[in-house]
Amino acid sequence: MSEKTEVCQRFLAAMGKGDYDAQAALMTDDFEITEADSLPYAGTYHGIEGWTQLTKAVIKAWSGLRLDLIEIAGESEDSVLLHFALSGASRKTGRRFGTEVMEHWRFRGGKVAAITPYYFDTAALADADRD
């Protein structure tokens, strides 16, 4: 297992426990993630503060949320591509959704510098949350 893959797995384990300190230790200070415009938590988030804000917004939007790693789909010198199954239900409407997402994790200095998610079907999430 590569160092980057190990960092991904440690980060995901910390996410599962809600351990923001452990996540912060694995992120660069200028970490960035951008979520799709059609999602209830659209936007670009920076650093551990932005990451914390995003995860709280995601939890506020969805109940029973599951992010299950399907595979580590690829790796390059400075990035890893992760493939997930994503499911849950809108807290607003109660409607369920399920889709897959590929995430491009970029690294710098052995830490996660950026995550860019590519949803297979953002409409599934948006429709579940639409009144």
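**The sheet and its packing**

Guide: In this predicted model, β3 and β4 are antiparallel partners, paired over ten bridges. A hairpin of three residues links β3 to β4, and within the pair R66 faces S87 of β4.

These two strands belong to an open sheet of six strands with mixed pairing, whose order is β2-β1-β6-β5-β4-β3. Its edges are formed by β2 (43–46) and β3 (62–75), each of which pairs on one side only. From one strand to the next, the twist averages 20°.

Further into the order, β5 (residues 96–108) and β6 (residues 111–119) also pair in the antiparallel sense, over eight bridges. There, R108 stands opposite K111 of β6. Helix α4 (residues 122–129) packs on the sheet and touches β3, β4 (79–90), β5 and β6. The direction of α4 makes about 125° with that of β5.

The packing can also be followed through the nonpolar residues. The largest nonpolar core comprises 29 residues, of which Y41, W51, W62, W105 and L125 touch the most other members. Two or more residues come from each of α1 (3–17), β1 (27–35), α3 (47–61), β4, β5, β6 and α4.

Leaving aside residues up to four places away in sequence, L125 touches L39, Y41, W62, L86, F97, T99 and Y119. Among these contacts, Y41 and W62 are themselves listed with L125 as the core residues that touch the most other members.

Note on methods: Residues numbered from 1 in each chain as written. Predicted model: local features only at pLDDT ≥ 70, side-chain atom pairs only at ≥ 80, totals over all residues. Heavy atoms only, no water. Pairing = 2+ DSSP bridges. Helix = DSSP H or I, 4+ residues; strand = E, 2+ residues; numbered from the N terminus. Axes fitted to C-alpha atoms, helices over the stretch in contact; angles between N-to-C directions. Contact = heavy atoms within 4.5 Å. Core = buried A, V, L, I, M, F, W, Y, C linked by side-chain atoms within 4.5 Å. Buried < 20%, exposed > 50% of the residue type's maximum accessible area, 1.4 Å probe, protein only.
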